[in-house]
Amino acid sequence: MKHLILFLIFISFSRSTASSSISLAPSSLDAQFLSFPKPEEDQSFSMLPVDVDPRLQQLCEGTEYPIKCLTTTISFLDDKAVVDPVSIVKEEVDVFYGKVREALQKASKRLSNRSTSRFVTNRLKSCIDDYKTILKNKQKIIDAISMGDTNKLIKDLNSNVDNIYACEDEFKEANIKSPIIEMDSLLGRMIINSLSIGVDTTPF
């Protein structure tokens, strides 16, 4: 079922290639399927912790997890920063890959812990392979954003979704609670935000 929905998302965006922009906005059904449990911090975007550039606010308000979008991108902004969809989605992707490296380190540390059971160890090994696969995918995504290649961007982002779900499925199928579920949930939310941001080479 998951792969069918991802395929339908890919087809729907493939039809938009004649447009001058890349519009990455999953339908409500797709977003509901792809989204992870929404943390309390992302329930509302009505109260912002700091003064936010209105262009950034507009972009983040259109994502599934607006507060997460804000907190992962605002740190790179300064007076000279260009706030447009291309810059923001690149920043989202860059921060995402930093978190993937954190997840890999966390899983590797848990794997090396002698107290970790054999059942958990076997699944952690699979997750580590999934994270390494995601890391190899980074340059492809950056290139797709730079070239405005909708089909390739959606395909590569969905590949990352598949790998994150594959990690969690390892634990679910064995009826074992994943020790890295919070990290996987965070990674999933960040990918969905990247899919939600419209990439347009035309400045605001």
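**Helix packing and the nonpolar core**

Leaving aside residues up to four places away in sequence, Tyr131 touches Val100, Ala103, Leu104, Ala107, Cys167, Ile180, Asp184 and Leu187. The model is predicted.

Tyr131 is also among the residues of helix H6 that meet helix H5. Helix H5 spans residues 85-112 and helix H6 residues 118-136; the two pack at an angle of about 155 degrees, with their axes 9 Å apart. Because angles over 145 degrees count as roughly antiparallel, H5 is roughly antiparallel to H6. The crossing of H5 past H6 is left-handed. On the H5 side, the contact is formed by Phe96, Tyr97, Val100, Arg101, Ala103, Leu104, Ala107, Ser108, Arg110 and Leu111, and on the H6 side by Thr121, Leu124, Lys125, Ile128, Tyr131, Lys132, Ile134 and Leu135. Sorted by class, this contact has 12 nonpolar, two polar and four charged residues.

The largest nonpolar core has 44 residues, of which Leu56, Phe96, Tyr131, Ile141, Ile145, Ile180 and Leu187 touch the most other members. At least two residues of this core come from each of helices H3 (54-61), H4 (66-73), H5, H6, H7 (138-147), H8 (150-173) and H9 (181-196). H5 supplies the largest share, 11 residues.

Ile191 lies in helix H9. Its relative accessibility is 2%, so Ile191 counts as buried, the cut-off being under 20%. Among residues beyond four places away in sequence, Ile191 touches Phe96, Leu157, Asn160, Val161 and Ile164. Ile191 and Val161 are separated by 30 residues in sequence, while their C-alpha atoms are 7.2 Å apart in space.

Notes. Residues are numbered from 1 along each chain as its sequence is written. This is a predicted model: local features need pLDDT of at least 70, side-chain atom pairs count only at pLDDT 80 or more; totals for chains, interfaces and linings use all residues. Side-chain values use heavy atoms; hydrogens and water are left out. Axes are lines fitted to C-alpha atoms, for helices over the stretch in contact, and angles run from 0 to 180 degrees between N-to-C directions. Helices (H or I, at least four residues) and strands (E, at least two) are DSSP runs, numbered from the N terminus. Angles under 35 degrees count as roughly parallel, over 145 as roughly antiparallel, 65 to 115 as roughly perpendicular and the rest as oblique. A crossing is left-handed if the near helix is turned anticlockwise from the far one by less than a right angle, and right-handed if clockwise. Contact means heavy atoms within 4.5 Å. Ala, Val, Leu, Ile, Met, Phe, Trp, Tyr, Cys and Pro count as nonpolar, Asp, Glu, Lys and Arg as charged, and the others, Gly among them, as polar. A nonpolar core is a set of buried Ala, Val, Leu, Ile, Met, Phe, Trp, Tyr and Cys residues joined through side-chain atoms within 4.5 Å. Buried means under 20% relative accessible area, exposed over 50%, partly exposed in between (1.4 Å probe, protein chains only).
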